Amino acid sequence: MSGNNWLKWLSAVSVMFAAMGAANAGQPINMPVGVTDISADVFDLHMIAFWLCVWIAVAVFGVMFYSIFAHRKSKGHTPATFHESTTVEAIWTTMPFLILIALAIPATTTLVAMEDTSDYDLTVKITGYQWLWHYEYIDEGVDFYSVLKTPRDQINGLAPKGDNYLLEVDKELVLPVDKKVRFLITANDVNHAWWVPDLAVKKDAIPGFINEAWAKVHTTGTYRGQCAELCGRDHGFMPIVVRVVEQAEFDQFLADNTTLLNDGAEYAAVAE
Amino acid sequence: MDKSAKSPKSVAAKLALVSVCMFGFGYVLVPLYDVFCDLTGLRFTQESNELVSQEIQEDTTRLVTVEFDVSMNESMPWKVRPAVSKLQVHPGRVYTTNYIAKNTTQSAMVGQAVPSITPYVANRHLVKTECFCFENQPIEAGKEVEMALSFMINHKLPKDVKVVTLSYTFFDITQNKSLNKLGSADLNKLDSTESVIAFN
Amino acid sequence: MSTVATDDHHDDHQESPYSIKRWLFTTNHKDIGTLYLWFSFIMFLIGGVMALVIRTELFEPGLQFVDPQFFNSMTTMHAIMMIFGVVMPAFTGLANWLIPMMVGATDMALPRMNNWSFWILPFAFAMMLSTLFMDGGGPAGGWTLYPPLVLQTGDALPFVILSMHFMGLSSIMGAINVIATILNMRAPGMTLMKMPLFVWTWLITAYLLIAVMPVLAGGITMLLTDKFFGTSFFNAAGGGDPVMFQHIFWFFGHPEVYILILPSFGVVSSIIPTFARKPLFGYASMVYATGSIAFLSFIVWAHHMFTVGMPLAGELFFMFATMLIAVPTGVKVFNWIATMWRGSMTFETPMLFALGFIIMFSIGGFSGLMLALAPVDFQYHDTYFVVAHFHYVLVPGSIFAIIAAVYYWLPKWCGNMYNEGLGKIHFWLSTIFVNLTFFPMHFVGLAGMPRRIPDYALQFSDYNMLATIGAFGFGFAQLLFLYLVIKAIRGGEKATSQVWENAEGLEWTLSSPPPYHSFTTPPVIK
């Protein structure tokens, strides 16, 4: 019960964090800033909320730890007897309230921007299936299924795992850079959720209903995500890969793929 | 030691009654959910739709694009497409268009279409005066039919909404006894050509 | 029945603890409390093994040990076991043991119903566990039972729903008993605002239980009729909406979250003043804060489903209401710290667990505040960040509070002190491993790992490995707890009536162990 317990505690915590630090061989530990203006806003909001929590924690637990060190029986501290103060209660009810209002303002602004799907350049309809995705460029007449490409052997440990293990698909969703793309999201069988962290888009896909989301990506590149709503056995095996390209390359992509335009037979065959 | 007039038994009986009521409240949440949807514009019920339609004025100065979309649920084997993929419409005027559905199987089937609209705010401003989604849709084996849809956009649709997407999902309800109101027996008696013409 | 406690239907003397009949037919609040607590511990071991199956599969990328479908049923069952089988029965067990002693009563108000409400549980959970062996396996659609996925469950579905009905029935009966006891059985002079906070938090919890468990029952009954009787509550083809289930579920689910934590607040509010040797700061504000949290819990449910697609106004409302919960929760934490301030603290095991609770529950509270922000929640939702969040409030939150309560009142219950040195070791092992398990989950969640997946991309591997090591450590540390409790029950240093130097409350005026019928003559309240 003595001071050396606190030393134990401190050393345990530092060992733990050292272990975590050592383990962190370049593995990501934070939300990506992403590649849209919205994703950057979301990241900023996340960091504001995080640091706010850290500072509140430092202040509150600082007081608590001071009390734990100073006001202990082993140091001969005699207990005070106070047990209420309306003033103090009023202060620590009002203060958090004001902090919350300060936090709510940027959150509201970002949310309003996220929900504005108007004035888009392109619409992609996304349909979740057990366990693959279907993409349809509505006005361009191009559609295709997108399925996990990682070989079974890698999953079962019979072959070395590739760099994009579980995050690779046979046909990527190709989008033009700097264009506002509207996603119409629905599902064929059970609920799914379409999520690409770098785009800060996560929306549930619900059978019988369409949901809207949008992204305007400002950097070309390949961005990976996963289904984020439990959808059965292979929920963990239906990744999303978005490749963002220049407009010219995008046009070429559409031209190359119009032959994929679904006809009934093919549609039914894949859906089975 | 019990100061109050109420015995534990009567307290327990009252609380049991409350919990039975709360079980009922679970079911009351179903109609409340419709109210919630109407209030927030999440979905919009047909009844409320009809009320709205009575006060619509035509606005020929404005054009709104209505997009038509369709999905098949689960193993629904029909092939359905809108006759036109989008229409430019004036608020307050009734427009009619079709969806074309083909039953690609070897047996007669009954389908049900479920509408869904985006953006949410358009839910209360898109009024369907006639819709194939109001009824079960029977199609004979291998036949293609046209299904009619008449609608108008309320002039109160907020100005910043330029595109409204109307999406239908088709469910196969042939084997679903409680949803298939036509019944399999009636289905067999259907004269396919006549019923198709009726929809046009 | 109001006099049942005095004109007993049960024996005046205690039968041998080895007689099965005693436990099967007991109507005694202490026996039933003991049954609840042991039941909860057994479920904790079963649910814990399920957690270890999950963590073993996630030790490294690839599918090594279990089929993904079985993995899903492990995550589903782990949640159902831990929520309905561990935390809720443990709190009911504590309520049974403590509330009559704290309010100066002989027993619970409705002793025979008390027996019934316990003995439903083993059958309910046996039925739930048996579904693992059925055709199609156990429930694998998540404990939230979302349709349409849950309707793909095999033969297990009606059994899962029936057993959840039984669990709900049991907890509703337990709650009715608690309320009837608190309202009717208080000793003269024990006014509501003199009741210990544990009694207050349980009173509010009991009302929450009565309000929301039946709503869950309604929701899962709708699932049952949708699947077997042709209704279309959640089937879009028949005019229903699968999202409505989520609304009904979380209308139950969010108050349920507070059902799992409010009694912990009561436990911590009992322990801190004892070891700070100073009365609880802001008793009245604690009561009001608990009430506010309970009220707010009814209007925030949709924050569990921001990504489901909701109009802006709805999202804003649920975001603001959720953020508001931080205010009464903050008041509680501040009050505990003010109770410690200028006290004269010692750090016996219950105090250590209570302090661990305050810090780590607050960590869960902070991530909760972050999750409340709808635009950021789109990134957090259904990732390991959420898993980290709710495990921080439930494991070093609720579970630590339950363990603290056991250490605190065990000497009173069995008359013997537990081994203080080993108790402290138990605390340090639990604290280190619980953080090793759940802290890295924040990292993988933020980096993009979805929850409920049996295999994951390579960039999540290190932290998953740490979490698995932590989980095994935490699991084995609890065996030490089992050993300590059994050892204390079997013997050891005799405890005084007071047990702790500064413990306040009627339970400490009784002998240790207390008489079979707690207060046969009403105590005098100061």
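## Aromatic pairs

Y129(A) and Y145(A) are both buried. Keep in mind that this is a predicted model. Searching the whole structure turns up 70 aromatic pairs over all chains. Y129(A) and Y145(A) make one of them, an edge-to-face pair at 5.5 Å centre to centre with 70° between the planes. This pair links distant parts of the chain: Y129(A) belongs to strand 1 (residues 122-129) of chain A and Y145(A) to strand 3 (residues 142-146), 16 residues apart.

Over in chain C, Y392(C) and F439(C) are another edge-to-face pair, with 6.2 Å centre to centre and 85° between the planes. Y392(C) sits in helix 14 (residues 384-414) and F439(C) in helix 15 (residues 420-447) of chain C, so the pair ties together parts that are 47 residues apart in sequence. Again, both Y392(C) and F439(C) are buried.

## Charges over rings

Chain A also puts charged side chains over aromatic rings. R152(A) lies over the face of F237(A), 5.8 Å from the ring centre. K161(A) has its charged end over the ring of Y165(A), at 5.1 Å from the centre.

## Where chains A and C meet

Chain A brings 98 residues to this contact and chain C brings 102 residues. About 8800 Å² is buried between chain A and chain C, and carbon and sulfur atoms give 71% of that area. On the polar side, there are 27 residue pairs in polar contact between chain A and chain C, counting pairs with both residues at pLDDT 80 or more. As for which elements of chain A touch chain C, those giving two or more residues are helix 1 (3-23), helix 2 (37-70), helix 3 (86-114), helix 4 (152-155), strand 7 (201-205) and strand 9 (221-227). Helix 2 of chain A provides the largest share of that side, 16 residues.

Two salt bridges cross the interface of chain A and chain C. E501(C) meets K73(A) in a salt bridge at 2.6 Å, N to O. R233(A) forms a salt bridge with D67(C), where the closest N and O atoms are 2.6 Å apart. R233(A) is in the loop between strand 9 and strand 10 (239-245) of chain A, while D67(C) is in the loop between helix 2 (29-57) and helix 3 (68-103) of chain C, so the pair joins two chains. R233(A) is partly exposed at 28% relative accessible area, and D67(C) is partly exposed too, at 34%.

## Salt bridges between chains A and B

Over all chains, the structure holds 17 salt bridges. K125(A) and D69(B) meet in a salt bridge at 3.1 Å, N to O. This pair crosses between chains, from strand 1 of chain A to strand 1 (residues 64-72) of chain B. K125(A) and D69(B) are both buried.

K86(B) and D139(A) form a salt bridge as well, at 3.2 Å, N to O. K86(B) is in strand 3 (residues 86-89) of chain B and D139(A) in the loop between strand 2 (132-137) and strand 3 of chain A, so the pair joins two chains. Here K86(B) is partly exposed at 34% relative accessible area, and D139(A) is partly exposed at 40%.

## A look at chain B

Chain B has four helices and nine strands. Among contacts in chain B with a separation of 6 or more, 75% come from residues 24 or more positions apart.

H155(B) sits in the loop between strand 8 (144-153) and strand 9 (163-172) of chain B. H155(B) is buried, with a relative accessible area of 18%, and its side chain makes a polar contact of 3.3 Å with that of N154(B).

Key
Residues numbered from 1 in each chain as written. Chains lettered and ligands numbered in written order. Heavy atoms only, no water. Phe/Tyr/Trp six-rings, centres within 6.5 Å; stacked < 30°, edge-to-face > 60°. Buried < 20%, exposed > 50% of the residue type's maximum accessible area, 1.4 Å probe, protein only. Lys NZ or Arg CZ within 6 Å of the ring centre and 35° of its normal. Contact = heavy atoms within 4.5 Å. Buried area = accessible area lost by both parts, 1.4 Å probe. Salt bridge = Lys/Arg side-chain N within 4 Å of Asp/Glu carboxyl O. Polar contact = N/O pair within 3.5 Å; in protein donor to acceptor, adjacent residues only side chain to side chain.
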